[in-house]
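Have a look at the model first, then read on.

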Amino acid sequence: MIALKSGAEIEKMRRANGIVAEVLTKMREWVTPGVTTAELDEKAEALIRERHAIPSFKGYPPGSAHPFPASICASVNDELVHGIPGPRALEEGDIISIDVGTILEGYHGDAAVTLPVGEVGQEAKDLMAVTEGALEAGIDAARAGGRSGDISSSIQRYVEQRGYQVVREYTGHGIGRKMHEDPQVPNHGQPGQGVVLRKGMTIALEPMVLISSPRVRVLDDHWTVASRNGRLTAHFERTIAITEGEADVLSQW
């Protein structure tokens, strides 16, 4: 069931996403050679709690045999999403996807960026640029009266026209009082298909892009998703609200 949000609810979500955006902005300073992903997690959680919000990833999902143990997802190089922070120190030339979620006044915020660690190679630069461009293409396609497949196909077309691949197993999603709500919005699909987009829908769009092959694997920690071919991956995400015109991007920075 898709929950349409009122203007007041969307403003609460904007505030939750504002904290996410603040954390991700600070990550551009914090992500440096030598820092550990655990240190990034500690800094993020401290800032989230200073803003009187709750890290929405920590302990998710409730009751799980393997709840997520940290406040951010930190996925390095071939790790696509859901990387668990730990003692790993970042090295010059790495890239890292940082995914942040918050709960404020009962509503969720969710966004992600992939950042370079110092100077990175051209392959990494191109991959990050394509993934961020795919997110913008998806946002541009998110209009009331259209369908979720319009978003999905726009992301897929943008990525594949540039010689890259989108993941099949993981999707964007509705968001609001819960971190994951209906509808699911894959990064591949056909225009004119899927659910009708209506004013008040709130969706976290998140292109996840790989080189050469879309195949992924889940590591032994039960969370980290990595490319099967060991090549670089990238992930960008923003939360949007559907309006009568252009999508309202709630996670702005």
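A salt bridge here is a side-chain nitrogen of Lys or Arg within 4 Å of a carboxyl oxygen of Asp or Glu. The model is predicted, so local features need pLDDT of at least 70, side-chain atom pairs count only at pLDDT 80 or more, and totals for chains, interfaces and linings use all residues. Residues are numbered from 1 along each chain as its sequence is written, and side-chain values use heavy atoms, leaving out hydrogens and water. Twelve salt bridges are present in the structure.

**A bridge within one helix**
- Arg49 and Glu45 pair through their side chains in a salt bridge (2.9 Å, N to O).
- The two residues sit four apart in helix 2 (residues 37–50), about one helical turn; helices are DSSP runs of H or I with at least four residues, and strands are runs of E with at least two, numbered from the N terminus.
- Glu45 is buried at 15% relative accessible area, while Arg49 is partly exposed at 42% (buried is under 20%, exposed over 50%, partly exposed in between, with a 1.4 Å probe and protein chains only).

**Bridges across the sequence**
- Glu105 and Arg15 form a salt bridge (3.0 Å, N to O).
- Glu105 belongs to the loop between strand 4 (95–104) and strand 5 (107–116) and Arg15 to helix 1 (residues 7–30), so the pair ties together parts 90 residues apart in sequence.
- Glu123 bridges to Arg231, with the closest N and O atoms 2.6 Å apart.
- Glu123 lies in helix 3 and Arg231 in the loop between strand 12 (225–227) and strand 13 (233–235), so this pair ties together parts 108 residues apart in sequence.
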